[in-house]
Amino acid sequence: MNEQLLIAGGGIGGFAAALAATQAGWGVRLYERATAFSEVGAGIQLGPNSVRCLQAWGLQKPFQAVAAFPERLQVRSALSGQLLAELPLGARAIARYGAAYGTVHRADLHALLREALMQLPALQLHTGVTIDRFAEAGDVVQVRTARGREIEGDALIGADGLWSTVRNQLLGDGRPSYCGHLAYRALVPQGGLPKRLRTSQVTAWLGPKLHAVQYPVRRGELQNLVVIVHGEAPDDLQNWDHSANVADLQSALTGTCSALQDAVGAVAHSRGHWRLWPLCDRPPVAGPADMARGQVALLGDAAHPMRPYLAQGAGMAIEDAFELQRSLAMHDLEIPLRLRRYALNRWERNARVQARSARNGRIFHATGAMRWGRDAALRTLGPRLLDLPWLYGDSKDL
Ligand SMILES: Cc1cc2nc3c(=O)[nH]c(=O)nc-3n(C[C@H](O)[C@H](O)[C@H](O)COP(=O)(O)OP(=O)(O)OC[C@H]3O[C@@H](n4cnc5c(N)ncnc54)[C@H](O)[C@@H]3O)c2cc1C
């Protein structure tokens with residue numbers, strides 16, 4: 001009989017892990033606490049590093065069918081609207097990195113992974129099951145659900161996100177912390193917008209203590225807008241989907257250029273809704289033991305939650321899954337050794353991306369002399385600062 005992997009969590013990370021493990025010859029049982037699989041209505045950028053993994057899993061066509069492929073990334077001043085720097089994406093990203101730079105609705109990415117999983121006989125997907133505890137007993141791992149059911153497998157992957165229960169038991173390192181930033185996000189149909197407000201590129205607007213990112217998703221039919229500002233956290237940090245007070249957002253944008261304000265204003269005109277995410281993170285992973293111990297490993301946000309300022313949280317979950325596949329496929333090795341190998345090959349890259357994401361937040365939101373220096377560097381070094389070969393290239397080239 002196949003080795004059996006238990007997965008806690010059916011987000012993008014859990015689904016990618018399930019796909020990877022079945023491709024490594026494992027049977028998989030995945031448990032999601034929500035009563036139906038779903039993803040919040042928001043966009044996600046996927047760099048060539050993660051698109052390459054999707055390609056290797058044979059998902060190029062379904063990804064192409066739902067994603068948008070922006071022609072360029074532009075960085076602009078949120079105050080003056082002036083162009084600070086530009087990086088061509090499109091064909092250049094494919095030529096340089098062997099895969100496109102894509103932008104996709106989270107639900108579309110989640111659905112295409114799920115569709116791929118539905119074709120696999122060695123896989124069971126369960127909803128409405130919350131993983132509560134685990135125990136290692138000899139060479140099996142026993143999992144207990146919130147309703148007291150016992151499930152046994154050969155290994156457990158905690159892909160249960162930022163507030164991971166599996167991490168809590170495995171590492172016991174406390175709760176993630178609120179980083180002081182609030183993300184307002186909205187999706188609007190581009191067809192209903194005046195031409196000047198539609199977009200086929202990624203635009204990042206940088207301002208004092210705020211930034212905004214705008215890009216197309218779903219073949220360009222929708223526009224995703226995220227505005228990140230400093231502010232007090234709502235009481236319930238675990239909710240990704242608070243309703244947002246638009247007046248607060250507008251007041252945070254006082255003094256920004258008309259182009260950015262028009263883009264934000266277009267949401268209300270298209271009868272779109274702003275939603276609010278309080279952003280939380282943890283310090284970077286400190287070593288392989290933070291990602292795997294014995295027959296249990298962590299993946300995605302459970303392992304390395306990060307600020308979204310490098311647009312790589314889901315990308316790192318996808319890369320984790322890709323590495324997990326290689327390690328799980330080493331059938332001659334003891335399972336704890338395979339998981340340790342997975343962690344050894346992932347922790348440094350994840351830590352680097354976490355640290356760079358936090359640093360980007362400080363640079364994006366800079367004020368005073370630091371802002372002046374940032375803008376000058378972007379104007380002179382533009383593409384050299386925006387292109388990230390260490391990130392978009394093969395992670396083995398590190
Ligand atoms: C504003 C913003 C913008 C972002 N933009 C990007 C971007 O452009 N590009 C990018 O790559 N990333 C981006 N990210 C990051 C990305 O959203 C996350 O890194 C990614 O969704 C993490 O996926 P995950 O599967 O690890 O966790 P999650 O998506 O949190 O999934 C965890 C799943 O586990 C389930 N679960 C939790 N506890 C249990 C339990 N005990 N038992 C069973 N199930 C459980 C949950 O219900 C959930 O379905 C962004 C994040 C934010 C906040």
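How many Å separate an oxygen atom of the ligand from a polar backbone atom of Ile12?

**Entry 1: the model.** I noted that this is a predicted model, in which local features need pLDDT of at least 70, side-chain atom pairs count only at pLDDT 80 or more, and totals for chains, interfaces and linings use all residues. Residues are numbered from 1 along each chain as its sequence is written, and side-chain values use heavy atoms, with hydrogens and water left out.

Entry 2: I looked up polar contacts, meaning pairs of N or O atoms within 3.5 Å. The distance from a ligand oxygen atom to a polar backbone atom of Ile12 is 3.4 Å. For Arg106, an N or O atom of the side chain is 2.6 Å from an oxygen atom of the ligand. At Gly313, a polar backbone atom is 3.2 Å from a ligand nitrogen atom. On its own the ligand has 1000 Å² of accessible area, and the protein covers 90% of that; such areas come from the Shrake-Rupley method with a 1.4 Å probe.

**Entry 3: the shell.** I found 31 residues around the ligand, where a residue counts if one of its heavy atoms lies within 4 Å. The closest are Gly13, Glu32, Gln45, Arg106 and Asp301. By class, the shell holds 12 nonpolar, 13 polar and six charged residues; Ala, Val, Leu, Ile, Met, Phe, Trp, Tyr, Cys and Pro count as nonpolar, Asp, Glu, Lys and Arg as charged, and the others, Gly among them, as polar. Among the elements that each supply at least two shell residues are helix 1 (12-23) and helix 9 (313-328). Helices (H or I, at least four residues) and strands (E, at least two) are DSSP runs, numbered from the N terminus.

Entry 4: I traced an open sheet of six strands with mixed pairing, in the order 7-2-1-11-19-18; two strands pair if DSSP finds at least two bridges between them. Strand 7 (123-127) and strand 18 (292-293) stand at the edges with a single partner strand each, so one side of each lacks a neighbour in the sheet. Strand 11 (residues 155-158) pairs with strand 19 (residues 296-298) in the parallel sense over three bridges. Within this pair, Ile157 stands opposite Ala297.

**Entry 5: cysteines.** How many disulfides does a search of the whole structure find? I found zero, a disulfide being a pair of cysteine sulfur atoms within 2.5 Å. The sulfur of Cys280 is 7.1 Å from its closest cysteine sulfur, in Cys179, which is too far for a bond. Cys179 is buried at 15% relative accessibility, and Cys280 is buried at 7%; buried means under 20% relative accessible area, computed with a 1.4 Å probe and protein chains only.

Methods
Buried < 20%, exposed > 50% of the residue type's maximum accessible area, 1.4 Å probe, protein only. Polar contact = N/O pair within 3.5 Å; in protein donor to acceptor, adjacent residues only side chain to side chain.
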